[in-house]
Amino acid sequence: MSEFLQQLVNGVTWGSVYALIALGYTMVYGILRLINFAHGDIYMLGAFIGLYVSRFIRAGENPSPVKALVVLLASMLLSALVGMVIERFAYKPVRKSPRLSALITAIGVSLLLENGGVLLFGADPRFFPQLIPSRNIPLGLGVVLSNQQLIVLVVSLALMFLLRLFVTYTRTGKAMQAVSHNHTAAALMGISVDRIITLTFMIGSSLAAAAGVLVALQSPKIEPYMGIMPGLKAFVAAVLGGIGNIPGAVVGGLVMGVAEVLVTGYLSPTYRDAIAFVLLIVILLVRPAGIFGKAVAEKV
Amino acid sequence: MKFRSMPAVLASLALVAMGLLAGCSSSGGKSEIVIGEYGSLTGSDATFGQSTKMGVELALAELTAKQGGKIGGLPVRVVSEDDQGKPEEAANAVQKLLNQDQVVTVIGEVASSRSLAAAPICQQAGVPMVSPSSTNPRVTEVGDYIFRMCFIDPFQGTVMAKFALTNLALKKVAILKDIKSDYSVGLAQFFTDAFRAGGGEIVAEQAYQAGDQDFSSQLTAIKARNPEAIFVPGYYTEVGLIARKARELGLTAPLLGGDGWESEQLLAIGGEALNGSYYSNHFAVDNPDPRLQGFLQKFKAKFGKEPDAIAGLAYDAANVTFACMEKMAAEDAPRFNALSATHAGTPERKAACAKLRDLIAATQGYEGVTGNITLDEHRNATKPAVVLEIKGGKKVYNTTIKP
Amino acid sequence: MKRLLGPLVVLVVLVVLNSGLERVLNPYFFQVLILVGINIILAVSLNLVNGFTGQFSIGHAGFMAAGAYGSAMFSLTVGQRMVNALVAGHVPAAAAEGAALLLALVLGGLLAAVFGYLVGLPSLRLRGDYLAIVTLGFGEIIRVLILNIDVIGGPRGLPGIPKWANFFWVFLVVAVVIAVSRNLAHSTHGRALFAIRDDEIAAEALGVDTTRYKIVAFVIGAFFAGVAGGLFAHYLCYLNPNSFTFLKSIEIIAMVVLGGMGSVSGSVLAAIVLTLSPELLRPVKEYRMVIYALMLIVLMITRPQGLLGTRELSLDRMLRRRRPAETRA
């Protein structure tokens, strides 16, 4: 029983990481109907930027939670800028193109980030400094939670909550919702669609970067290809929850994390990657709109 | 059925044929000896491919420093090709090295899967191939032109099993292997066989994939079975993380591993979590042997980081090749000269490569940085394995296990 | 009789080239040529699904893998014995191997087609991007399955496949797949596929059984991908799941998109270009992937319809100015 509970705890922690990444996917898809393949690589970039920032402020020498926070925020900010650049130069020109072209562009950006990463950072896996020393918090019943896992959970939930507030109660947030419904109508209402799209990318990228830093604090090995699988799985999570739906992405991420950990622990770890896609296929067969999605009738 | 597409088909065929024919001039090469090296310079295994290249480069640099980069009066050149981590690209890379660059020996590859794709090509062309670190026994079974500098899975797996049974007196071990790696799967299998034969019990067997970040589910499942040690025959890229996660979950059992652990990154990533663990390797970094220490220093000076096991093996592979060429130049100068690129495509060259093959096969007691290398009749290296312990954040020599 | 003239000429040309080229070209170029042929088959078969029918399939490498392993297992078990028996019965080796290869390819192709059916069936009610991810998922699932089945080698791969594929067989299949595509394009089936690509709802409204046609496109595309996989297996003589990753699927898509979706000759041209460029880019090997990625991005921004759009290369057009209606698919 304690094994099962431990697996659950692991799953929820890992799932919150997927949720963070999934948020970026779901927002971009909601606004642009584009699967941003490069999103997983922003997660990777966030981790590397965090590495260099922590070197710059010499965080490794005297680790402290404050420095960790600085690294996190700096990485989020810089990654948001990267997201903006990518959107401006790669995605904006293909906004009116057929969707497969946009998809290929996204794949191209993803390949560029990965291989560019290899050129810039080297192919060796790097070590991310342990800014928050690990301590175990026993939860009873033989289940342990490390303080790092707790931080990942708490920060993820906090960011998701902030995002929800932003989207629901601020003007810009409502503008984002409007653009995701209909570009033209939003433009007619005086919303600068371009700016909203750029902002969406920036927010999405910063969340992915946050996920990257949080994961790196916990599992300190980072390398240029680390974003591919988490990116794909996060996308599946977004679809699971209902693509375009923010709470859905969170729930989808958690479900994804738990399912993956349970399959790995009880069935076979070698099917770990496959479970993501099996889940995807199942949900698309049973309820294509996702858990929270609404089936939208296609207008002709 | 109408054949409107025929013009298109013929046209494209003709285009392709013409384009390639235009480029198929037989090259009368320069007067030099060319050695080929292939590995994954890009792709997810890039870190190992780059290590191989660096090991070979260091050997060449030393040759240049020592004797102007010449053997028997002919300059030596190394051509490196990238195989992107794919077997079919390994085949392409080797074809190019053989046919475009006219190499007389091929060094490569790290992964058995890519070696297996390229070996038949080298065998057929009559050019020796020396793999620094492919451990699948089938690689050298391809033919008598294929050699390897490392021990094969059956040996290394047995080494750690023996160590666990005898030196550590363990009875119950769990296994955590990398399912994506031929090396890891092979090692796990042979460890299992040897351990069980010695009366031990494998209490759990879990797997992960290279590139994974999270091992909590596997380790949780292993923890539930209470092993005395965990055998993790993977690469340092994951082992450090596994050790950390295990300690976080409260698993105190020591970890055991193979030469895939060897790298300066291992302790950087694993830190204190690795204390009390053991792994088998080709060399012990605290071994005062001047040759080994010289290699470690020169590598660090040239590349800015410490070599991993793969770099050491590649370095030895290159040096063994150079040594055999020296021998040939000394004993049989006319044959040796036929190795030059100027003789590309001639039967003399083929005979010369055959002679080189014989010399490589006769390698006995070569003192490399990865141990005392003798190639057996299957062209695999037999050499003792060194078991290292990680104590106080350092790698410490524990014992040597002979084949 | 006149109808058979075309195919007959092609066969003769192939046989001549087969014996001649291997002697004239150095093995490196020859190998690249074979790989070009295999990639042409892959690109044209994917074009059927992506280009003609407008369905986003990005799991093509999975079908290739199914065909590769299927045909390899057949050859290693039954095929080799068949060849030995035939050769003992005084059948020339080339013919015996050819027959065995043909059988292996067909079986591999059929296995891939079965997977194509399994993938196509549930994916049909999905649109665009979702279909893309599902096909990607299937590709990955097939790869993970292969990794876990020990009898076909798993991560260690499957060595020792007999080398029966040669120039003749590879380019024969190239000719066949191009012919099938072109004939499909000019048939009623083809028109249905194009209708689905242009506007699925309108097509459905006009009575086109979109479900059936989409499945047919998937199955045929998968079949040929499987055959390409079989040829790949019997040329490289070694199979490893690493050859069939998501990246491979993307490379095939890049060929279809570069050539122009819906254009068979475009796919052929693009396959040639994209197979040769990694070889040509060897001098800058560390930057190769970056250059490749940039190329994809720039191409999509500047010329998303690819090199040829939906048009075909045709001698007719080049020699005589034909009416445009004749040449548009």
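Domain bounds here come from an automatic or database domain assignment. The model is predicted: local features need pLDDT of at least 70, side-chain atom pairs count only at pLDDT 80 or more, and totals for chains, interfaces and linings use all residues. Residues are numbered from 1 along each chain as its sequence is written, and chains are lettered from A and ligands numbered from 1 in the order in which they are written.

**Figure 1. The two domains of chain B.** Chain B is assigned domain 1 (33-150 + 292-369) and domain 2 (153-281 + 386-401). Over C-alpha atoms, their centres are separated by 31 Å. Where they meet, 11 residues of domain 1 of chain B are in contact with 11 residues of domain 2 of chain B (contact: C-beta atoms, placed from the backbone, within 7 Å). The side of domain 1 that touches domain 2 has three nonpolar, five polar and three charged residues. Ala, Val, Leu, Ile, Met, Phe, Trp, Tyr, Cys and Pro count as nonpolar, Asp, Glu, Lys and Arg as charged, and the others, Gly among them, as polar.

**Figure 2. Helix α10 of chain A.** Helices are DSSP runs of H or I with at least four residues, numbered from the N terminus. Of the 22 residues in α10(A), 16 are buried, that is, with 20 or more other C-beta atoms within 10 Å of their own.

**Figure 3. The contact of chain C with chain A.** Chain C gives 30 residues to this contact and chain A gives 33. On the side of chain C, α5 (128-148), α10 (246-259) and α12 (288-302) each give two or more residues. The largest share, 12 residues, comes from α5(C). That side of chain C divides into 24 nonpolar, three polar and three charged residues.

**Figure 4. The largest nonpolar core.** A nonpolar core is a set of buried Ala, Val, Leu, Ile, Met, Phe, Trp, Tyr and Cys residues joined through C-beta atoms within 7 Å. The largest one holds 353 residues, of which V236(A), V94(B), I41(C) and L231(C) touch the most other members. Helix α2 of chain C (residues 27-52) provides the largest share, 18 residues. Each of domain 1 and domain 2 of chain B gives at least three residues to this core. Beyond its neighbours within four places in sequence, V236(A) is in contact with M256(A), A276(A), F277(A), L279(A) and L280(A).

Technical notes:
Contact = placed C-beta atoms within 7 Å. Buried ≥ 20, exposed ≤ 12 C-beta atoms within 10 Å, placed from the backbone.
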